[in-house]
Amino acid sequence: PFIPETKAERDAYCREVFQIQVSGLKRRLKAINCNPVLGISGGLDSSLALLVAVEAVRQLGRDASTVYGITLPCFGTSDRTYRNAWDLMKKLGITSHEISIKNAVTQHFLDIGHDPENRNTTYENGQARERTQILMDYSSTVNGIVVGTGDLSELALGWCTYNGDHMSMYAVNSSIPKTLIRVMVKHIAEMHGGELQEVLESILDTPVSPELLPANDGEIAQRTEDLVGPYELHDFFMYYILRYGYRPSKIFRLAKIAFQGEY
């Protein structure tokens with residue numbers, strides 16, 4: 001329900017939302033005279049945040065190289081998301097870095113006495129917090145701020161790591177639900193065309209995943225919607241809570257009609 005029905009309405013909506021994101025980030029960058037720093041995973045959220053950051057610096061008259069993107073591979077990074085992250089950063093012409101966190105996380109597990117074969121929340125959250133520490137410490141070396149990538153659906157579900165990926169100096173996706181982020185990335189891909197569209201289409205075709213459990217022969221082993229349920233359902237519930245304040249019982253009745261035979 002967050003997404004308009006016709007293509008013309010969707011395109012206009014996506015342009016407006018994107019410009020709101022860009023305007024907010026641009027104003028912050030200008031006010032404190034700093035550079036955006038982002039962790040790039042090869043997924044939807046970080047891709048949209050990176051597109052916003054590149055457009056923000058462009059409107060400020062700065063070069064795309066003043067955007068810093070860092071890919072932080074670890075145990076669960078798949079070949080596809082790793083490749084997509086690098087392809088996107090190269091196509092956009094930003095300053096790109098790779099910092100593997102495998103050794104740092106392994107040492108951390110030794111320090112706290114955690115068995116890395118125990119793939120519990122400690123195993124997952126340790127990776128998310130290490131990524132955030134690197135992003136924040138690196139940003140201070142380039143006069144930067146960490147631009148957050150988490151979206152509204154993740155925040156509503158609590159699907160993020162405290163003192164990890166929920167933290168940033170300025171978050172550009174935090175009022176946009178996951179279903180709309182997918183539509184926005186598709187719109188931007190079609191608008192640009194060419195090689196950038198190819199990369200974004202590959203990202204759109206990749207399952208949503210936190211990639212915190214070891215990959216299977218380079219393939220994604222962890223799919224978010226298998227764990228928390230379909231985002232189209234979450235966003236449906238959230239829409240009628242936020243927009244209209246409906247009671248759970250009423251939203252449930254509506255959902256049974258909207259998704260009859262599907263769930």
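E201 is partly exposed, with a relative accessible area of 23%; partly exposed denotes values between buried (under 20% relative accessible area) and exposed (over 50%), computed with a 1.4 Å probe on protein chains only. The model is predicted: local features require pLDDT of at least 70 and side-chain atom pairs count only at pLDDT 80 or more, whereas totals for chains, interfaces and linings use all residues. Residues are numbered from 1 along each chain as its sequence is written, and side-chain values use heavy atoms, with hydrogens and water left out.

E201 forms a salt bridge with K186, the closest N and O atoms being 3.9 Å apart; a salt bridge is a side-chain nitrogen of Lys or Arg within 4 Å of a carboxyl oxygen of Asp or Glu. K186 lies in helix α7 and E201 in helix α8 (residues 194-204), so parts that are 15 residues apart in sequence are tied together. Helices (H or I, at least four residues) and strands (E, at least two) are DSSP runs, numbered from the N terminus. K186 is partly exposed, at 38% relative accessible area.

A salt bridge also joins K7 and E190, with 3.8 Å between the closest N and O atoms. Because K7 belongs to helix α1 (residues 7-32) and E190 to helix α7 (residues 178-192), this pair ties together parts 183 residues apart in sequence. K7, D11, K186, E190 and E201 are linked in a network of salt bridges.

D151 and K178 likewise form a salt bridge (3.0 Å, N to O). D151 is in the loop between β4 (144-148) and α6 (152-157), and K178 is in helix α7, 27 residues apart. Both residues, D151 and K178, are buried. In the whole structure, eight salt bridges are found.
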